[in-house]
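The following briefing concerns a predicted model. The structure is shown first, and notes grouped by topic follow.

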Amino acid sequence: MLLDTTHNIATPEGVELRLPVAGLGARSMAWLLDALIKLAALVVASMVLPFLGDLGQGLWLIAFFVLLWLYNVVFEVLNHGATPGKKTLGLKVMNANGTPVGWSGSIIRNLIRFVDTLPGCYAFGCVAVLLSKDFQRLGDLAAGTIVVYEDKGHAGSAIGDTDAVAVKVPLTLDEQQAIVGFGERASRLNRDRAEELAGLMTPVFGEVDADRLRSHAAWLVGGERNQ
Amino acid sequence: MKQEAFEARYADAWAELEQWIVLLSAGRRKLTSSVDRGKIGREMPARYRQVCHHLSLARARRYSIGLQQRLNRLALDGHQHLYRARTPVFSAILRFIIIGFPQAFRRQWRYMLAATLLFYLPIAGMALAVQIEPELIYSLVDPGQVAQMEDMYDPANRVLGRERESEKDVVMFGFYIMNNIGVGFRTFAGGLLFGIGSIFFLCFNGLYFGAIASHLTSAGYTETFWSFVSGHSAFELTAIAIFGAAGLMLGMGALAPGRKVRWQSIRDRALDSMPLVYGGTGMLVAAAFVEAFWSSTTWPPVGLKYMVGAVLWILTGLYFGLMGRSEP
């Protein structure tokens with residue numbers, strides 16, 4: 001992978017875990033959603049709390065403080081690293097070493113948010129996200145946290161029902177992996193695109209169509225139904 | 001081994017680990033009720049290492065991306081559960097109050113000293129300056145605000161029964177929480193900019209407080225003003241200095257990383273400064289409580305108010321000087 005947005009974590013078990021880090025766009029959207037949720041919460045508080053008189057007014061000020069400073073901390077620590085906004089966009093916060101973010105890490109990144117907003121419109125934060133390797137804003141850099149796309153879950157390999165057809169020509173490992181990858185994705189591609197991609201393999205197989213390539217993929221992962 | 005054979009052989013093991021992770025994520029209550037708890041504790045680490053091994057194999061053998069991603073996700077989930085930091089919250093808080101906070105305060109005494117000077121020297125300097133040249137207050141505080149302050153602490157107004165009703169106390173409590181802790185947090189965070197933000201907030205708040213205090217004193221509102229401030233002053237002023245010290249630590253991490261990479265140095269200092277941030281927040285909550293429900297009362301004689309203020313200062317000093325010296 002020459003140019004990629006994955007963050008690699010070396011575990012004590014000697015295997016490298018790979019995480020796709022989230023960029024400025026997705027993070028801004030999540031921020032916007034959270035801002036709207038907080039605004040809605042304040043509006044609701046403004047409608048309900050006046051019934052409590054002065055106590056309500058005091059509570060409103062405390063609610064404002066909590067939403068401003070602690071909303072992200074509470075959700076990030078207690079909700080598996082995701083505020084509602086991040087959850088909607090499929091993002092989550094974790095420590096750069098792959099462990100879940102804790103109280104201190106989350107508090108540092110969310111207090112330093114104040115510096116990220118300087119001198120206005122999150123200017124420092126945006127510049128930091130664009131310049132840093134793992135799209136970290138200043139708070140992330142100071143806390144050692146990253147924002148990643150949460151893996152939505154995979155069914156594993158799913159080439160589906162197709163006859164396995166043996167490959168008669170020698171293939172390199174990279175070619176094999178490309179064919180298997182094509183097999184997995186073929187059902188999600190439209191017909192023309194699938195044929196276009198299959199056409200790329202012409203130098204290896206001669207004339208080949210998408211169905212045949214899928215059959216090769218099925219054979220490569222181990223199918224032996226129909227030599 | 002062909003991929004399908006590999007998947008078929010280990011499918012059950014992976015599915016079981018996936019199921020354990022779902023159980024673990026569901027939280028402690030579900031887990032205690034399930035009989036699987038002991039089994040998960042015994043077998044999960046080994047199963048996790050096995051999956052890590054399978055992930056390495058899948059990559060080396062160039063199995064499909066889909067399978068690699070599934071194993072990557074499984075290993076990551078296992079990693080997150082195995083290496084999660086677990087701390088019992090309540091005993092940790094108690095331990096922090098009795099031992100951790102005062103120890104951190106003393107351990108960072110250089111920063112505490114610097115922050116205290118950066119805060120109190122402007123107070124003293126501005127107070128003196130306003131005594132000599134009363135007009136100076138208007139260079140910092142706008143006239144409307146000065147008038148408002150005078151109105152608030154004018155003894156004549158108090159006698160006329162303009163003390164705010166006690167129900168308003170809770171409103172002020174909310175306000176002090178929002179405003180004062182916000183100031184504390186900004187003083188800390190601003191330290192990231194090579195300490196400049198912390199120095200600015202410390203000095204600015206010092207100058208502001210010095211100007212107001214000096215102005216009201218020379219206006220002759222001594223009793224109303226000082227009896228109001230004395231109660232919460234110990235907690236509030238000390239806490240602001242503490243947030244300043246934590247911010248200066250961040251700034252020092254950025255300025256003088258030593259042998260570390262700059263951001264690593266900042267990260268380490270940030271973690272070191274967290275006890276001060278936690279403790280400072282607790283002190284400001286306490287200060288807001290005292291300010292809203294004690295400082296605003298007018299029934300106690302002025303002497304009692306000063307006495308409470310003095311006692312709280314002494315207790316604060318004793319707390320940071322003596323607590324946590326020996327392990328219980």
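The centres of domain 1 and domain 2 of chain B, taken over C-alpha atoms, are separated by 51 Å. Domain 1 of chain B covers 3-82 and domain 2 covers 91-322, with bounds from an automatic or database domain assignment. Residues are numbered from 1 along each chain as its sequence is written, and chains are lettered from A in the order in which they are written. In this predicted model, local features need pLDDT of at least 70, side-chain atom pairs count only at pLDDT 80 or more, and totals for chains, interfaces and linings use all residues.

**Contacts between the chains**
- In chain B, 51 residues are in contact with 48 residues of chain A (C-beta atoms, placed from the backbone, within 7 Å).
- On the side of chain B that touches chain A, at least two residues each come from α1 (3-25), α3 (37-60), α4 (65-82), α9 (168-189) and α12 (262-295) of chain B; helices are DSSP runs of H or I with at least four residues, and strands are runs of E with at least two, numbered from the N terminus.
- The most residues on this side, 14, come from α9(B).

**B:Tyr10**
- B:Tyr10 lies in helix α1 of chain B.
- B:Tyr10 counts as partly exposed because it has 16 C-beta neighbours inside 10 Å (buried is 20 or more other C-beta atoms within 10 Å, exposed 12 or fewer, partly exposed in between, with C-beta atoms placed from the backbone).
- From B:Tyr10 to B:Arg269 there are 259 residues in sequence and 45 Å in space, C-alpha to C-alpha.

**Strands of chain A**
- Five of the five residues of strand β3 (residues 91-95) of chain A are buried.

Methods. Two residues are in contact if their C-beta atoms, placed from the backbone, lie within 7 Å.
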